[in-house]
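Subject: the model you asked about

Hi,

Here is the structure, handed over as promised. Have a look, and then read on for what turned up in it.

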Amino acid sequence: MSMTIKINGESREVNADDDTPLLWVIRDELNLTGTKFGCGVASCGACTVHINGQPQRSCVTPISAVGDSEVTTIDVIDTPQAKAVQAAWQELDVVQCGYCQSGQIMSAIGLLSSNAKPNDEEIDSYMAGNACRCATYQRIRAAIHRASDLLEA
Amino acid sequence: MDVSNTASTMNRRKFLKGTAVLGGSMVVGFNATGLLAAAADGTTATSSGFNPFVKIAADGIVTVVCKHFEMGQGTTTGLTTLVAEELDVAWDQVDVEFAPSHENYVNLAFGGQGTGGSTAIANSFMQYRQAGAAARDMLVRAAAAEWKVEAKEVALKDGMLTGSGKKASIGDFIEQAAKLEPLAEPPLKDAANFTLIGKNKLPRKDSVAKTTGKAMFAMDVKVPNMVYATILTSPRFGGVLKSFDIGDAAKVNGFVDAKALPNKAGVAVYAESTWASIKARRAITAEWDNAAADARGTAEMVSEYNEKLDADPVYDATGKGDLAETEATAKAAVKSVSADFHFPLLAHAPMEPVNCVIEPTEEGGIRVHDGCQFPMITHPTLAAITEIPPEKVEIVTYYAGGSFGRRANGNSDYHVQAVMAFLALGGKKAVKLVWTREDDLAGGYYRPMFAQRAHIGIGDDGKISAWGHRSVAQSIFKGGPMESMAVHNGVDHFSVEGIVDTPYQIPMSIGLTDYESPMPVLWWRSVGHSQSGYTMEVLMDMAAEAAGADPVEFRLAHLDESDDNQARFAGVLKLAAEKAGWDGKSAKGRGRGVAVHKSFGTYVAQVMDVSVNDKGAISIDKVTCAVDCGIAVNPDVVRAQMEGAIGYGLGAVMRNEITMKDGVVEQGNFPQYQPLRITDMPVVDVHIVPSDLAPSGVGEPGLPPAGPALANAIYAATGKRITKLPMANNGITFA
Ligand code: FES
Ligand code: FES
């Protein structure tokens with residue numbers, strides 16, 4: 001069925017069954033491919049987007065549940081936290097294969113938006129749902145600290 | 001600058017159609033015999049029988065054509081570094097694109113185009129430097145001719161040519177330079193003059209694209225007139241499709257069709273979106289002929305492995321016929337160690353499940369969009385199945401979301417599945433094959449199960465006097481395209497690597513027996529070393545304990561440092577011990593373990609620190625890692641690969657296994673095959689041994705020591721010796 005969702009600052013008409021995960025609408029229908037599919041069961045975080053500013057797993061968010069909410073994806077996000085996180089990620093060369101990193105970054109932005117100066121434990125517990133098979137975790141931790149410093153400066 | 005897949009795809013299409021590249025560019029490359037050649041643009045390049053490795057455009061932008069794919073290991077940065085070093089251009093002036101599938105892009109270590117075995121930098125080290133140096137020399141000569149000075153009076157630095165008071169960008173001289181003959185052996189820099197190679201921190205070429213969602217993976221490809229397909233396959237390996245019933249699949253919005261694959265390996269479910277295909281597949285039921293299928297369970301497999309351990313080994317991997325004698329000597333020693341080891345099946349579970357797009361081309365061929373690891377296998381395999389001439393098969397390579405060996409497959413398994421789905425639909429519509437995580441975990445091509453048994457005797461001098469060893473493994477290479485390279489006298493080298501070729505000086509005899517199964521197995525990050533490193537280094541710890549010696553001292557006592565190989569092995573061990581402040585002691589509630597292993601020509605030692613909480617759960621606190629990989633082309637990439645391989649290896653030994661019940665895989669998705677999480681990740685401190693030796697690989701060698709260093713640390717902390725993996729099955733919990 002046809003409905004309108006608010007995504008990346010625009011209203012977009014989409015055609016999908018109610019139970020279709022937001023992830024597949026974003027990727028296959030809207031061609032926004034920065035958001036990734038890794039598991040489909042909320043177990044890896046590759047599909048993380050922001051819904052009203054909160055990180056959510058788009059693979060288990062049915063399109064019918066999106067309603068009026070504002071969806072933001074990695075493709076356009078440019079809040080101060082986003083800029084700091086991306087700059088820190090680039091400065092420390094966090095990425096390896098890169099496939100999990102859209103989700104890691106969307107979660108890290110969420111963390112810094114709610115906690116400007118997280119310690120290692122807070123980082124670990126917030127980021128535990130974002131899997132990285134390349135195990136870039138040490139750099140993710142360091143980059144979140146770095147982004148926090150960049151935001152403070 | 002980032003890899004721009006769109007740009008490279010467009011260039012390639014123009015190239016194949018013979019259209020000149022706009023603005024002209026100078027290209028330098030190699031042909032099949034390895035000669036350097038140069039041309040003014042891509043069009044003449046093909047006619048002179050070589051492929052570009054370096055392209056220089058009029059705006060001075062240098063594009064390095066990467067013959068290896070990028071799965072995160074850093075090749076796009078590494079190969080670019082080699083060219084930029086010799087060409088003397090600025091780092092941000094260099095771009096990179098993936099090579100098409102072509103024999104001129106051969107991996108010099110394999111004899112075909114492909115990536116694996118930690119060979120990308122090692123086999124490219126001279127070739128990409130030569131390409132850069134040849135271009136440099138031609139540009140300098142062209143400028144010298146124009147400025148009417150001797151070539152030696154022209155300098156090239158940061159992409160600018162200077163001489164006789166003049167200054168110009170390299171882009172200004174591409175036309176004249178391309179008319180010159182490249183030197184057969186262009187002069188290369190001395191290592192002392194390197195400005196980029198070995199530089200501590202050169203930004204990765206793929207960082208920006210991969211942090212902004214712009215990097216293109218095959219999963220992100222959409223071409224016109226494309227349908228999405230998932231495949232319903234037999235739950236048992238070797239099952240053959242008898243019939244299927246589409247049930248309510250047609251009621252799924254976006255469902256297109258369902259067809260049996262021509263090879264009876266499954267049912268392709270076509271739809272207008274990935275989700276519709278996934279949903280429709282759930283509605284379809286199929287009947288399978290299981291006559292040739294494997295119906296064994298894991299417990300049964302383990303007991304079959306044990307029977308094979310007990311029986312006389314079929315193959316003699318050390319070739320001296322003295323296994324029984326060696327075992328008897330070992331058992332008779334006053335101090336001795338005996339142990340059995342078991343290693344489970346492991347899935348690679350790359351973050352991006354395998355997938356690819358196959359589309360028909362206007363020329364009657366096919367174009368494959370893939371994070372393609374083995375074009376040398378995929379290209380001819382797809383040509384043969386489709387009966388399309390190989391020159392009409394095109395492979396476009398994208399970033400791969402990890403591989404760990406999974407995308408390198410001697411049977412090109414997922415490409416074959418995709419092309420079967422493409423053909424079943426008539427071959428006129430583009431088909432995108434997508435695997436879900438469930439497909440990935442149940443899809444086979446696992447790291448084989450291994451069993452090892454050792455009897456070790458300690459002599460009066462406190463050193464190992466006899467080591468009798470039995471291995472049981474399902475061979476990875478037998479029956480595959482690289483069998484002749486790997487199998488000698490019945491022994492698949494990869495079943496005993498890391499043991500048979502250990503640098504330790506040990507009187508050893510090794511027997512091997514193969515395990516047979518229709519379940520396909522595959523190399524998994526570090527191949528045989530993924531378990532032989534564990535076996536060897538836990539045994540060395542047990543032997544050290546039996547001998548009453550310090551684990552580091554005991555290992556060093558079995559190495560003769562007048563031999564270069566053994567000296568490098570001892571070197572990393574000493575460096576890791578020194579950096580970790582090794583004193584052979586573990587404080588209460590803490591444990592330290594050490595391990596050292598050589599694989600793919602690279603030496604890695606690790607000291608692991610763990611602590612135990614009041615509930616007995618283990619925290620992995622810190623890994624001190626020393627690596628000797630010859631010249632570290634990009635030290636930060638070397639560090640990243642050590643961090644990554646340690647994490648990947650730790651996650652597997654802690655809790656990963658693929659198990660079977662009645663031949664059906666029991667792990668559905670990540671909740672049953674938990675990846676290492678950030679909460680598990682220790683601090684990793686990497687130390688690189690300075691070296692002027694040729695570089696060896698780093699993608700895999702960080703993994704083998706991680707598991708045994710952890711096991712030895714857990715033993716030091718708790719007294720529990722873990723010889724059957726994963727650790728979680730031994731009552732070990734992790735905090
Ligand atoms: S794809 Fe959504 S959490 Fe894995
Ligand atoms: S960078 Fe490869 S999965 Fe995270």
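This is a predicted model: local features need pLDDT of at least 70, side-chain atom pairs count only at pLDDT 80 or more; totals for chains, interfaces and linings use all residues.

Residues are numbered from 1 along each chain as its sequence is written, chains are lettered from A and ligands numbered from 1 in the order in which they are written, and side-chain values use heavy atoms, with hydrogens and water left out.

**Where the chains meet**

Chain B puts 63 residues into the contact and chain A puts in 52 (contact means heavy atoms within 4.5 Å). Between them the two chains bury about 4600 Å², with 52% of that on carbon and sulfur atoms; buried area here is the accessible area (1.4 Å probe) that two parts lose on being put together, summed over both.

There are 32 residue pairs in polar contact between chain B and chain A, both residues being at pLDDT 80 or more. A polar contact is a pair of N or O atoms within 3.5 Å; within protein, one must be able to donate a hydrogen and the other to accept it, and residues adjacent in sequence count only if both atoms are side-chain atoms. On the side of chain B that touches chain A, at least two residues each come from α6 (207–211), α7 (274–283), α12 (437–442), α18 (635–655) and β30 (683–688) of chain B. Helices (H or I, at least four residues) and strands (E, at least two) are DSSP runs, numbered from the N terminus. The biggest share comes from α18(B), with eight residues. Sorted by class, that side of chain B has 30 nonpolar, 18 polar and 15 charged residues. For the classes, Ala, Val, Leu, Ile, Met, Phe, Trp, Tyr, Cys and Pro count as nonpolar, Asp, Glu, Lys and Arg as charged, and the others, Gly among them, as polar.

Over all chains the structure holds 46 salt bridges (a side-chain nitrogen of Lys or Arg within 4 Å of a carboxyl oxygen of Asp or Glu). Seven salt bridges run between chain B and chain A. One of them joins B:E643 to A:R139, at 2.9 Å from N to O. A:D19 and B:K279 form a salt bridge as well, with their closest N and O atoms 2.9 Å apart. That pair links the loop between β2 (10–15) and α1 (22–29) of chain A, where A:D19 sits, to B:K279 in helix α7 of chain B.

**Two sheets in chain B**

An open, mixed sheet of five strands runs β2-β1-β3-β4-β5, where strands pair if DSSP finds at least two bridges between them. Its edges are β2 (36–39) and β5 (94–98) of chain B. β4 (62–66) and β5 of chain B are parallel and joined by five bridges, and B:C66 has B:F98 as its bridge partner in β5(B).

Another open, mixed sheet of five strands has the order β14-β24-β21-β20-β15 in chain B, with β14 (315–316) and β15 (335–343) at the edges.

Cheers
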